[in-house]
2 protein chains.
Amino acid sequence: MDTLTAPRHLRLHASDNVVVAVDSFQAGQKIEGVTVADRVPRGHKLASRVIAEGEPVRKFGQIIGSASKLIEPGQWVHEHNLNYSDFVREADAGHAPHGSGLLPLPQRATFEGFRRANGRAGTRNYIGVLTSVNCSASVARFIAEAVRKSGLLDEYPTIDGIIPLVHGGGCAMDTNGEGYEVLKRTQWGYATNPNIGAVLMVGLGCEAFQIGRWKETYNIVENDTFRSLTIQEVGGTRKTMEAGVAAVRDMLPVAANVRRETIPASELMLALQCGGSDGYSGITANPALGAAVDLLVKHGGTAILSETPEIYGAEHLLIERASNPQAVERLQSIIAWWEDYTARNKMEMNNNPSPGNKAGGLTTILEKSLGAVAKSGTSPLEAVYGYAEPVTSHGLVFMDTPGYDPVSATGQVAGGANVLAFTTGRGSAYGCKPTPSIKLATNTPMYNQMIEDMDINCGDILDGVSIEAKGQEIFERVLKVASGAPSKSEQLGYGDAEFVPWQIGATM
Amino acid sequence: MDTLTAPRHLRLHASDNVVVAVDSFQAGQKIEGVTVADRVPRGHKLASRVIAEGEPVRKFGQIIGSASKLIEPGQWVHEHNLNYSDFVREADAGHAPHGSGLLPLPQRATFEGFRRANGRAGTRNYIGVLTSVNCSASVARFIAEAVRKSGLLDEYPTIDGIIPLVHGGGCAMDTNGEGYEVLKRTQWGYATNPNIGAVLMVGLGCEAFQIGRWKETYNIVENDTFRSLTIQEVGGTRKTMEAGVAAVRDMLPVAANVRRETIPASELMLALQCGGSDGYSGITANPALGAAVDLLVKHGGTAILSETPEIYGAEHLLIERASNPQAVERLQSIIAWWEDYTARNKMEMNNNPSPGNKAGGLTTILEKSLGAVAKSGTSPLEAVYGYAEPVTSHGLVFMDTPGYDPVSATGQVAGGANVLAFTTGRGSAYGCKPTPSIKLATNTPMYNQMIEDMDINCGDILDGVSIEAKGQEIFERVLKVASGAPSKSEQLGYGDAEFVPWQIGATM
Ligand SMILES: [Ca+2]
Ligand SMILES: [Ca+2]
Ligand SMILES: [Ca+2]
Ligand SMILES: [Ca+2]
Ligand SMILES: [Ca+2]
């Protein structure tokens, strides 16, 4: 802030030629030494330098369009003088440099996690009760409930709990279709997520999603941390409950035989989410999370950006950051798939700023998408994955998911995410098991209103806290939560109703 | 059965010219006085009279195709001599007589139910906690759990319990699309189902499914049996839990102020379901349920047949039974919608007998569909409804739903079903709240295997119990369960995970 009397404003990047009004600007006020020429509503942009006609306008250090006429310092920048369509970008894609800023090993941050037999690292240690179909959902819940009530878990302090992972699908679907593939991958991803120590899978028996075939696909064998049962084979609900509880009882000592140990932050896989965005998302919590991601990537870790519909129309933002042509091709084919998919479903891909977005100060699709993409920071894009595919790269990656929070996060957790950060402006109540979720408020009033649900307030960025400092705070919180400190949504008990595999294709 | 030594067989209707082998027939055996000419596998058909080339073959009292060559009595009837494609049906549709067999009022059966203020009749009295979106699912569960644990319900013996009705949708959807319409109707249907005495609806606040707009659509006002809350407005999870529990506490005395009274069976609305069908479904449990439906319709009640994909290709079975042209048109337009919908989703509508069906003795699509439709009995079709539309006709009606059990039943309960009958061959573990579900086993081995889940064994039809007698048994059980006797799935505690609104359209 310039002075106590100047209205609050934000410079999102040193190279920007605009600043954002936090409070509205009135003509005659001084902002960064520039005299305000027009009234600038809150959330809108003011030119901090002269911008020639045709010259790029920069926000987030990125081009959001070009001036459609000469813009003088102090003028309001919006639809009347900023244009996206004039601006055609020649992407020299797929050759961004690999992360050069990787810290030397001894300087890397660590967390206290669970080292798994396969070398991966967990931040939690749950028993998962997977279900092949909705028809076994109640039995899975009954088993989890019976285990919870039995007191059995009291004997195993290294077990975080038991999660019934129930859903509405699994039958009356095309077993050769992509919806079935997605469900198979999602189940496999949960079964192997490093935050799960042992798995019981419960089916009905006659469903389309056949547990036997699924086990064959992934070479899963029944062992002391994986068991499966079907209600029809065991002989009904009560017997399956008993058999399920017995299976959990058998697996518990094995699953509990772990202890937190020091593990480099490079083993963290952070899922990035936003939901209930507001006008502040793109300028507070998202860039702050982006700064935390840049730190995590420097420390060798992985972050998963998702929500394909929210980058649609501005996908070159990511394509330009791709370190390899495979990632570019994959992202382009995902965009093409969505165009076909939504057309088939009589919907439109449209991420253009809405009238509400424009009133809030977002002028172009690039600017809007940059706000969403800001949570991924500035690192090169190393790989692109399909929904629920196992993520194996380090650094920043993209996973194709819908924007809808529980569906998107379910894909990321299936991909292997062991910690999750979620920015929200309106106030999301999301929480997840087995992956702890850290909720970042974009503004102080909502943070105060929902303080028992929010982990970190990023609204104070509007009051002068730097994005870098907030990024550091988020990074440190990620390490703490990964080490076992409960997030707010964990304290509240979230995660039993948020497993929502992406449903693609017709239910027959 | 003819004699102790004759293999078991079934005559499904007096006018049939085939009988079904329960045990396989060997050449030389005598069945109904006819000498078996060929080996007839179990489940397959034997000609009980001469059938001329081109003459209709009748099973269930219905035409299932025509003889492609002369069939002698005692011959096996299957693909080699029975043809559907030769057979073109000229439907004189839409003019079936209205139910003439309606019993005089004094002879009508009754049940002990709850008379609602709007005149409708409930068979249960639940508190429903509806959710606009997955983002409020956990809070709805927390509220229901807190109410259950509080002991509050102990004071109200006329309350059957509290149900969190959670789901995976409600946001990132096209609010002008049919998926949104379906969700709106489903929620409205549950809110007004006569088995629910009071409703709390919980939302997040920023979701696509706006509770305020939904209330306007249906002229819902907040009153002493309907309350709504959003997490964002109330200020987070814990406060919303407290406010939710307080709202339930307020509504409980009003919702509990009911008493079972004698109500005519004409107020029953029976949802018909089948899931996990086997070779016996079409010859035991389904026709027996059909006989019960015929009784219910005689007593003035309503039965809802559904599962559109299972009648596809043989829809004229229903069209011919329609009592009015509107029903015919609606059914035809539903069939056309499904053809378009599945094509758009790269799937095929195909209800033809599979190789497995054929091996089991089902020769034509008509025969297969008749097995599914058999559970609707023989009454005229009075009306056709879209998914989750309020059912207002009496007699037999059809509601468009997928075949998938939880999704189909959710539509029927939203339509107003206050009791449900579910036939199953493989052994379904389905159960529902607020609508009690009666499970009918098609065969004795499965009944014995899952006896704690099955309400009635229809497998004994294979041992000589008549379909009429079994229909009477089912009808009487429906009356008993409607009067408060718990079904098996209610005893087991099912119904908290089976609310699965039909999801149509893309998740964005
Ligand atoms: Ca594991
Ligand atoms: Ca978002
Ligand atoms: Ca989202
Ligand atoms: Ca069926
Ligand atoms: Ca079904």
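Trp337(A) and Tyr341(A) sit 4 residues apart in helix H8 (residues 325–344) of chain A, so about one helical turn separates them; helices here are DSSP runs of H or I with at least four residues, strands are runs of E with at least two, and both are numbered from the N terminus. This is a predicted model, in which local features need pLDDT of at least 70 and side-chain atom pairs count only at pLDDT 80 or more, while totals for chains, interfaces and linings use all residues. Residues are numbered from 1 along each chain as its sequence is written, chains are lettered from A and ligands numbered from 1 in the order in which they are written, and side-chain values use heavy atoms, leaving out hydrogens and water.

**Aromatic pairs**

- Rings of Phe, Tyr and Trp (its six-membered ring) pair if their centres lie within 6.5 Å, and planes under 30 degrees apart count as stacked, over 60 as edge-to-face and the rest as tilted; by this rule there are 30 aromatic pairs over all chains.
- Trp337(A) and Tyr341(A) form a stacked pair, with 4.5 Å from centre to centre and 20 degrees between the planes.
- Tyr341(A) has a relative accessible area of 1% and is buried, a word that means under 20% relative accessible area, with exposed being over 50% and partly exposed in between (1.4 Å probe, protein chains only).
- In chain B, Tyr341(B) and Trp502(B) form an edge-to-face pair, at 6.4 Å centre to centre and 90 degrees between the planes.
- Because Tyr341(B) lies in helix H8 (residues 325–344) and Trp502(B) in the segment after helix H14 (488–492) of chain B, this pair ties together parts that are 161 residues apart in sequence.
- Tyr341(B) is buried at 2% relative accessibility, and Trp502(B) is buried with a relative accessible area of 4%.

**Calcium site**

- The calcium ion (ligand 3) is coordinated at 2.2 to 2.4 Å by Cys274(A) (O), Glu307(A) (OE), Gly403(A) (O) and Asp405(A) (OD); donors are N, O and S atoms within 2.8 Å of the metal (3.2 Å for Na, K and Ca), and since water is not among the atoms, sites may look incomplete.
- Cys274(A) also bridges this ion and the calcium ion (ligand 2), the two ions lying 3.6 Å apart.
- Cys274(A), in strand E17 (residues 269–274) of chain A, and Gly403(A), in the loop between strand E20 (395–399) and helix H11 (405–415) of chain A, are 129 residues apart, and both residues are buried.
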